[in-house]
Amino acid sequence: MNDQIEPADAARALSEIGRRREQVIRRTAIPRWYWWAIAVLEIAFAADADYSRRGALFWAGNALLAAGMLAVNGLLLSRQSRGPALSPDLVAPDSGPRLLAGSVALWPAVAGVTLGTNLGLEAARVPYPATIATAVGMAVLVAGGQVLMRYRLHLLAPRPGGRG
Amino acid sequence: MTTPGFDELIHAPTRLSLVAFLAATGWADFAVLRDSVGLSDSALSKQLATLADAGYIEIRKAFAGKRPRTSARLTDGGRTAFDRHVLALQEIVAGTPGRWPQPAGHPGSRSAASGGEPAPGVSP
């Protein structure tokens, strides 16, 4: 039977296998809306802190931020639990630590950019430093999140046949 | 070490899509499989039954509240057959197809495959 399989047909089959693998990897990735939602919440909270200082509005903003974070993360968890889970066979031994390092590095990078910008803006007496600094930090988060997901796809997608 | 082995049962277009999807995941919900591969409920049921009969997948039926929930995953045998099939395809593409051993009664033999061809109109 295999003698009758044309190389073009075999190539199409391999392409389909790769497409399905990529489909699973994309479906198990953190979606783009998540990064944007976190960014919008954080910027709104920073703006609230800049405008209201420590008044009642500040604490209301705190409560809204907490509720928003819970909702966004709950939505993500619910989506992930209903979807397929990535097979551990797809993850090469060296890919796991590299992905973990990328994920862990993103958050200190965002915090560092936000704090550094905030300190610089405060020193320069620029108005609304927290809002501007958070917007810069969240731009790093959104861009970094996309890069991280592309890196994940790059690490996981090329492995043919899962294990072996 | 995995040796190449062309598998007719897996190579049918719809089943290839299903097995490739299952190879990249663990347990996959029936609805996820149906929507991902783009099959009707009946076409998916038929293909899953064919693969289960061959011992390539395991089907689990559970209840989420009062709603029945069916999931499937590749068995170790199914994963091995898939890995061997991928290697065989790679060899064909490279232009060096070998003569791969087919175990007696292998579910991917012509007779097994002929009973489980995809229904007309359900191939992706």
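A residue is buried if 20 or more other C-beta atoms lie within 10 Å of its own, with C-beta atoms placed from the backbone. The model shown in these views is predicted.

**Figure 1. B:Ala28, a buried residue of chain B.** Start with the location. B:Ala28 sits in strand E1 of chain B, which covers residues 28-29. Is this residue buried or exposed? B:Ala28 has 26 C-beta neighbours inside 10 Å, so it counts as buried.

**Figure 2. The contacts of B:Ala28.** Neighbours within four places in sequence are left aside here.

**Figure 3. Chain A, built with five helices.** Chain A has zero strands. Read from the N terminus, its elements follow the order α-α-α-α-α. The radius of gyration of chain A is 22 Å, well over the 15 Å that the globule rule gives for 164 residues, so the chain is more spread out than a compact globule. The C-alpha trace spans about 75 × 30 × 25 Å along its principal axes. Of the 164 residues in chain A, 21% are buried. Now take the contacts in chain A between residues at least 6 apart in sequence. Among these, 76% join residues at least 24 apart.

**Figure 4. The contact between chain A and chain B.** How many residues does each chain bring to the contact? Chain A gives 25 residues and chain B gives 28 residues. On the side of chain A that touches chain B, 14 residues are nonpolar. Another seven are polar and four are charged. For the complex, the predictor gives an ipTM of 0.76 and a pTM of 0.75.

**Figure 5. Confidence along chain B.** The mean pLDDT of chain B is 81. A pLDDT of 70 or more is reached by 77% of its residues. Where does the value fall below 50? One such stretch is residues 101-105 of chain B. Beyond near neighbours in sequence, residues 101-105 have two contacts in the model. Residues 109-124 of chain B also have a pLDDT below 50. That stretch has 32 contacts in the model beyond near neighbours in sequence.

Note on methods. Residues numbered from 1 in each chain as written. Chains lettered and ligands numbered in written order. Predicted model: local features only at pLDDT ≥ 70, side-chain atom pairs only at ≥ 80, totals over all residues. Helix = DSSP H or I, 4+ residues; strand = E, 2+ residues; numbered from the N terminus. Rg over C-alpha atoms; globule rule 2.2 N^0.38 Å. Buried ≥ 20, exposed ≤ 12 C-beta atoms within 10 Å, placed from the backbone. Contact = placed C-beta atoms within 7 Å. Nonpolar A, V, L, I, M, F, W, Y, C, P; charged D, E, K, R; others polar. pLDDT = per-residue confidence, 0-100.
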